[in-house]
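Subject: Handing over a structure

Dear colleague,

I am passing this structure on to you, with some notes on what was found in it. Please have the view open beside you as you read.

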Amino acid sequence: MTSRTSGAWADAYRGKWKWDRMAWGCHCVDCYPSNCPYRVYVRDGRVVFEEPAAGFEPVEAGVPDMNPTGCQKGASWSRMLYGKERILQPLRRVGERGEGKFEEVSWDEALTDIADAMLDAIDESGAESIVRIGTPGEGGTQSMVLAGGIFNRIGATTTDVQSEINDFNPGLYATFGRFDPCPSNDDWFHSELLLIWANNPAYSAIPFFHYICEARYNGSEVALIAPDYSPSAMHCDHFVPVQIGSDAALALSMCRVIVDEGLMDEAFVREQTDLALLVRCDDGRFLRQSDLQEGGSEVVFQLFDRVAGRIVEAPRTLDLGALEPALEGRYRATLRDGSEVEVEPAFVRLRRRLEDYAPEDASAICGANPEVIRQLARKAARSRTRILLGWTTGKSYHGDLMERAMCLLLALTGNWGKKGTGIRSWAVGMFDGPFLLGSKPRTGQDATREMSNAQTAVLDAMRAQDPTLTEEIVVAELGYGGALPMGAVPSAFFWYHHCGYAETWNRASWNDPSMRRSLSEYIEEATEKGWWQGQARPSPDTPPRVLFEIGGNLLRRQRGGQRMLLEHLWPKLRMIVSVDWRMSTTGLHSDIVLPAAQHYEKPNFPYTTPDVMNLTLSDRAVEPQGEARSEWQITLMLARKLAERAKARGRVELQKPNGETVRLDTLYEDLSFDGALADDDAVIDEMVRDSAVLGNIPADTTLESLRETGWVRFTGWGRSPMALAQASDLLPDETHSPFRWQTEKKEPFPTLTRRAQFYIDHEWFLEAGEELPLHKDAPAQGGDHPFEITSGHPRWSVNSMNSTNKVILGTIRGEPVAHINDGDAAERGIENGAPMRVFNDLASVTVQARVTPAVKPKQLIMYNGFEPYQFKGWQDFSNIEPGMVKWLHFAGGYGHLRYRALHWQPVPIDRAVRVDIAAVEG
């Protein structure tokens with residue numbers, strides 16, 4: 001009798017899983033937080049499969065480990081190494097842009113064309129007319145950092161990744177002077193109340209969703225606050241359906257309940273926030289030292305001390321000592337000219353603001369039952385509460401108000417700076433080596449130590465002048481001054497001057513009615529006052545000539561998409577270069593497409609985040625397919641070709657906008673350190689060793705040691721701004737929760753007032769009535785139409801890069817869909833699975849209808865996980881998005897409301913865009 005586990009079929013199945021060797025892999029993409037270690041199995045020089053490594057030990061006793069980490073996209077990634085969309089040879093356009101006609105050319109031919117176009121642009125109008133789109137893309141450290149070196153070196157324009165992708169949380173930044181509090185995922189386990197707010201982690205946080213379930217097993221309550229009953233809802237204790245864009249009303253109503261019922265943590269509010277600072281009753285401005293004495297400071301504020309019974313200066317740290325700041329009352333202050341003015345704590349003004357948000361009143365706005373609002377508020381006040389915030393708010397017109405209201409809820413309940421509390425955004429950092437590389441005078445760790453010592457001397461000198469400065473505040477000030485080697489500029493001015501957005505942004509009906517002028521007039525004022533000095537690049541009279549998209553997909557990602565860029569930007573460009581491992585929509589509209597190595601084909605690292613606290617290696621398991629090269633090799637090849645062509649044209653140097661002279665004929669030598677770091681392994685190892693010297697990782701860590709272990713836990717924050725913003729000790733045996741330096745060490749926040757700032761007395765905010773958080777309806781972006789779009793990260797793709805993976809396509813309907821309410825579908829005669837037209841004043845898109853009662857009436861959910869060429873007529877969702885920005889985000893010249901890379905800046909809006917729908921006949 002034959003065994004059921006023998007024979008040809010069983011041998012064939014076992015043969016499928018045979019392998020010759022294993023390498024460590026990861027997917028260095030913007031799926032955040034990424035960093036899922038995989039074992040990558042190779043047979044006969046090809047990757048045959050991968051699986052989650054699942055090798056993590058628990059960090060803190062009693063807290064579950066992070067295993068297995070991974071998702072269906074990572075587990076099928078190797079299929080895309082060998083897919084038909086893969087680019088294996090440099091391509092040059094031979095037809096019209098977007099026609100899809102290319103010819104294969106050699107690397108030398110492609111790079112010669114690119115180098116000549118760059119030199120032409122430099123000769124015509126300077127290097128700023130060369131634009132590298134800042135995108136997290138599909139290449140991690142290789143694409144974001146290494147590929148950027150050549151552009152920073154010659155003074156080209158690089159747009160800020162934050163404004164390109166808009167994962168910015170403007171309300172968090174306005175409140176804390178940092179947008180990026182990021183607990184480790186295992187710290188969710190310590191929460192007693194988890195508020196999943198404007199988020200769908202069952203889709204967007206697959207590897208770490210288990211912590212939500214485990215927290216429930218541990219006794220936590222979980223509430224989902226969203227318009228739709230998403231896949232995350234079934235895993236929650238409470239579902240709180242809200243109207244789209246009404247989150248501020250809900251949060252402020254919860255705050256009203258907490259204040260009215262005496263549930264507020266008054267000591268926490270006095271110490272941690274600006275709500276005890278005195279505000280003038282005549283002009284609504286903070287009472288400053290400069291109001292009281294000649295030559296006084298604009299950044300020293302006042303409070304009323306109940307112990308002394310008089311107005312005193314507020315400390316510049318959070319250590320109140322014997323002070324007991326008043327939260328109530330009205331007082332008289334004598335100004336420097338001898339006159340008097342009435343003043344009151346900001347909290348008094350907040351209390352008046354909250355009068356508009358009784359639960360019954362807020363219910364009429366947000367749709368939540370008044371008793372649900374009360375119960376949720378009481379739970380938040382009595383629990384260790386964490387808000388698991390998504391990035392929907394930051395992509396909403398008044399998302400800053402929503403986030404400020406959420407932060408206020410946490411402040412009133414004492415819910416930050418201890419385990420299981422706070423609000424979650426995203427952060428990168430703890431891996432300083434890559435960002436130091438471009439500034440090093442030579443290779444080796446002695447140079448790293450010298451640079452670190454010099455940085456320490458600068459920090460010490462600044463803190464000697466002002467002992468209240470923290471390292472984070474000093475680094476932020478250096479960033480405001482442009483002293484950090486980021487080299488990015490906010491994209492908003494590029495869009496406004498060169499991409500046709502001025503007309504769209506000035507449509508009054510698509511903006512907030514409290515605006516007293518056109519958006520152009522606000523931009524002109526901000527420019528005249530120097531709030532954005534040097535940030536409008538290329539300058540308004542310098543047309544962009546060369547554009548690089550490295551690992552990103554601008555024509556899919558950009559709000560307004562092809563509709564705006566192909567009409568307004570593309571005609572100005574004489575060379576468009578796409579560097580990618582696949583043919584994207586942007587590639588189809590490019591002049592040159594260069595083949596990049598995929599994951600598993602180069603040594604690389606994903607973005608390093610506090611979520612997981614590990615440096616995770618993605619190694620070269622196999623050689624790159626065809627003629628593909630890593631981004632570092634492409635950068636060095638371009639540098640060599642640019643130097644060659646510059647010498648041939650007698651153009652061996654250029655002057656950057658800052659006046660610095662740069663040699664073009666030595667670009668390759670300068671970038672590669674005379675060839676010492678020309679090899680991928682060499683440059684990656686240099687980054688690792690530098691980070692070890694700087695204390696980010698264990699001192700003995702090298703590329704070779706990582707090839708043994710696959711990952712290593714971070715040991716120190718380093719000096720990157722977003723890492724310092726975590727403001728807590730990084731401990732080897734504890735979960736991480738941000739802001740403990742504020743609650744335990746009383747260190748100040750990096751805001752104007754040095755406190756969590758809820759009252760913003762900038763002139764524009766006062767004019768708009770937004771000095772304190774409030775609810776405002778979103779304007780009718782896209783026109784006066786009955787439906788509103790919401791979106792988010794899909795379950796089936798990281799942005800659009802997995803959208804052609806046949807394994808993944810087999811798990812979904814295989815084409816773009818929009819989710820609509822069953823009642824709305826019936827009313828419009830739209831059947832499930834049938835095509836429908838989605839349209840507004842800008843454009844029209846045809847998609848398949850997915851009819852479901854889980855979607856709120858008049859809501860349309862359109863996830864962003866498809867390529868435009870998968871839509872009929874290649875017209876995707878982005879074409880019906882106006883790409884509006886909020887005018888207040890051009891405000892500047894005010895404490896922390898100043899630009900620095902990745903932080904305060906206008907960002908595009910794509911939520912609550914107005915549309916209509918109709919069945920497609922025939």
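Two strands are said to pair if DSSP finds at least two bridges between them, and the elements themselves are DSSP runs, numbered from the N terminus, with helices being H or I of at least four residues and strands being E of at least two. By that rule β20 and β21 pair in the parallel sense over 4 bridges, with Val579 having Leu594 in β21 as its bridge partner. Please bear in mind that this is a predicted model, in which local features need pLDDT of at least 70 and side-chain atom pairs count only at pLDDT 80 or more, while totals for chains, interfaces and linings use all residues. Residues are numbered from 1 along each chain as its sequence is written, and side-chain values use heavy atoms, with hydrogens and water left out.

An antiparallel pair is formed by β4 (residues 91-93) and β21 (residues 592-595) over 2 bridges, where Arg92 stands opposite Ile592.

As for burial (under 20% relative accessible area counts as buried, over 50% as exposed and in between as partly exposed, with a 1.4 Å probe and protein chains only), 6 of the 6 residues of β20 are buried. Met575, Val577 and Val579 point one way from β20, and Ile576, Ser578 and Asp580 the other way.

With kind regards
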